[in-house]
Amino acid sequence: LVSRENHDRRSVVSVRGVPIGGDHMTVIAGPCAVETPEQTLEAARMAQAAGASLLRGGAYKPRTSPYAFQGLGEEGLKILSDVRDETGLPIVTEVVDANDVDLVASHADMLQIGTRNMQNFALLQAAGDAGKPVLLKRGMNATIEEWLMAAEYVAQRGNLDIVLCERGIRTFEKATRNTLDISAVPVAQNLSHLPVIVDPSHSGGKRELVLPLSRAAVAIGADGVIVDVHPHPETALCDGPQALLEGDLAELRDLAGTLAALG
Ligand code: PEP
């Protein structure tokens, strides 16, 4: 179902009217985690300044340590809905448990499946049933074939509104948080009709790498980027060191514009 065979052209996924795929570059931006209404609204304004047409933000956070901030849960979803009403930006947010899919889908415009859950098949099926577009991150240890098979689990439920996201894989290299497998973008685009975007924030893990990796995403023909921004990264409850600052936003906006011009 997700294979390029039997599909003449690559798909465009519409998220509440915002297209991902086709000949433009979609920027998704926002805080790694929803912390407060004020922080989320400020981050959404930053996202708009960076040319974003979709807001990201986690209400359910899959953290490595059980002692780390786990997200605000339903309260976070309500904050996201309010910020969508205020800014007009549709919301992309992660769901980590199949039992929460209906609740998350009742607020979100797009359901994100994170790297750690790429092969959580019950979650993939529940997301496929939810009637909302799905952003499927590549598992940090997954081959491209495994990633596409995970997408197939969603598609099998009758939902072909799937966007793939390359977010870096585990390698021996420790200088970056993960290794951005930039070649996965054209490979996945050739094997599948689904749009493919890049997460330069979770792959590099460092603010100074986000714009260079975004340039690589633009140059290689990715369909978009998903980027962390935070109004006060020094006090962020999650992944502050990789969040872009106010001063970086104009360059991200220009980059997105460059791709639009390249068509
Ligand atoms: C995220 O985007 O908030 C996230 C946790 O990403 P990943 O699943 O790629 O680590």
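Visitor: Which residue of β8 stands opposite L136?

Guide: The model under discussion is predicted. Strand β7 covers residues 134–137, and L136 therefore belongs to β7, as strands are DSSP runs of residues. Its counterpart in β8 is L164.

Visitor: How many bridges join β7 to β8, and in which sense do the strands run?

Guide: Strand β8 spans residues 162–166. One of the pairs between the strands sets L135 against its bridge partner V163. In total, β7 and β8 are joined by 4 bridges, and their sense is parallel.

Visitor: Which residues of β7 point the other way from V134 and L136?

Guide: In a regular strand the side chains alternate between the two faces of the sheet. In β7, V134 and L136 share one direction. All of these strand residues are buried, and those pointing the other way are L135 and K137.

Visitor: Why is β8 described as largely enclosed by the rest of the structure?

Guide: From β8, I162, L164 and E166 point one way, while V163 and C165 point the other way. Both groups are buried. Strand β8 is largely enclosed because its buried residues number 5 of the 5.

Visitor: Which strand joins β7 through 3 bridges?

Guide: The two strands run parallel. Among their pairs, I113 stands opposite L136 in β7. The strand joined to β7, residues 110–113, is β6.

Visitor: At about what angle does α5 run to β8?

Guide: Helix α5 lies across both β7 and β8. The angle between α5 and β8 is about 155°.

Visitor: How many bridges pair β8 with β9?

Guide: A right-handed β-α-β unit is made of β8, helix α6 (residues 184–191) and β9. The pairing is in the parallel sense, and its bridges number 3.

Visitor: In β10, what is the bridge partner of I197?

Guide: Strand β9 (residues 196–198) and strand β10 (residues 224–228) run parallel and are joined by 2 bridges. In β10, the partner of I197 is G224.

Visitor: How many strands form the closed barrel?

Guide: The barrel runs β3-β4-β5-β6-β7-β8-β9-β10, with parallel pairing. Neighbouring strands of this sheet are turned by 25° against each other on average, direction ignored. The number of strands in the closed barrel is 8.

Visitor: How many residues of each class does the shell around the ligand have?

Guide: The residues around the ligand are C32, G58, P62, E94, G114, T115, K137, R167, D199 and H202. Of these, K137 also belongs to β7, where it is buried. By class, the shell has 2 nonpolar, 4 polar and 4 charged residues.

Visitor: Is D239 buried or exposed?

Guide: Residue D239 lies in the loop between β10 and α9 (249–262). Most residues other than glycine have a negative phi. The phi of D239 is a positive value, near 55°. Because 20 C-beta neighbours lie inside 10 Å and the cut-off is 20 or more, D239 counts as buried.

Visitor: Is N6 buried or exposed?

Guide: Residue N6 lies in the segment before β1 (13–15). The phi of N6 is also positive, near 70°. Because 7 other C-beta atoms lie within 10 Å and the cut-off is 12 or fewer, N6 is exposed.

Visitor: How far apart in space are A216 and V198, C-alpha to C-alpha?

Guide: Residue A216 is found in helix α8 (residues 207–220). It is partly exposed, with 17 other C-beta atoms within 10 Å. In sequence A216 and V198 are 18 residues apart, and in space their C-alpha separation is 9.4 Å.

Visitor: How far apart in space are P66 and D23, C-alpha to C-alpha?

Guide: Residue P66 is found in the loop between β4 and α2 (74–87). It is exposed, with 6 other C-beta atoms within 10 Å. In sequence P66 and D23 are 43 residues apart, and in space their C-alpha separation is 41 Å.

Definitions and conventions
Residues are numbered from 1 along each chain as its sequence is written. This is a predicted model: local features need pLDDT of at least 70, side-chain atom pairs count only at pLDDT 80 or more; totals for chains, interfaces and linings use all residues. Two strands pair if DSSP finds at least two bridges between them. Axes are lines fitted to C-alpha atoms, for helices over the stretch in contact, and angles run from 0 to 180 degrees between N-to-C directions. Two residues are in contact if their C-beta atoms, placed from the backbone, lie within 7 Å. A residue is near a molecule or strand if its C-beta atom, placed from the backbone, lies within 6 Å of it. Ala, Val, Leu, Ile, Met, Phe, Trp, Tyr, Cys and Pro count as nonpolar, Asp, Glu, Lys and Arg as charged, and the others, Gly among them, as polar. A crossover is right-handed if, with the strands pointing away from the viewer, the path from the first strand over the helix to the second runs clockwise.
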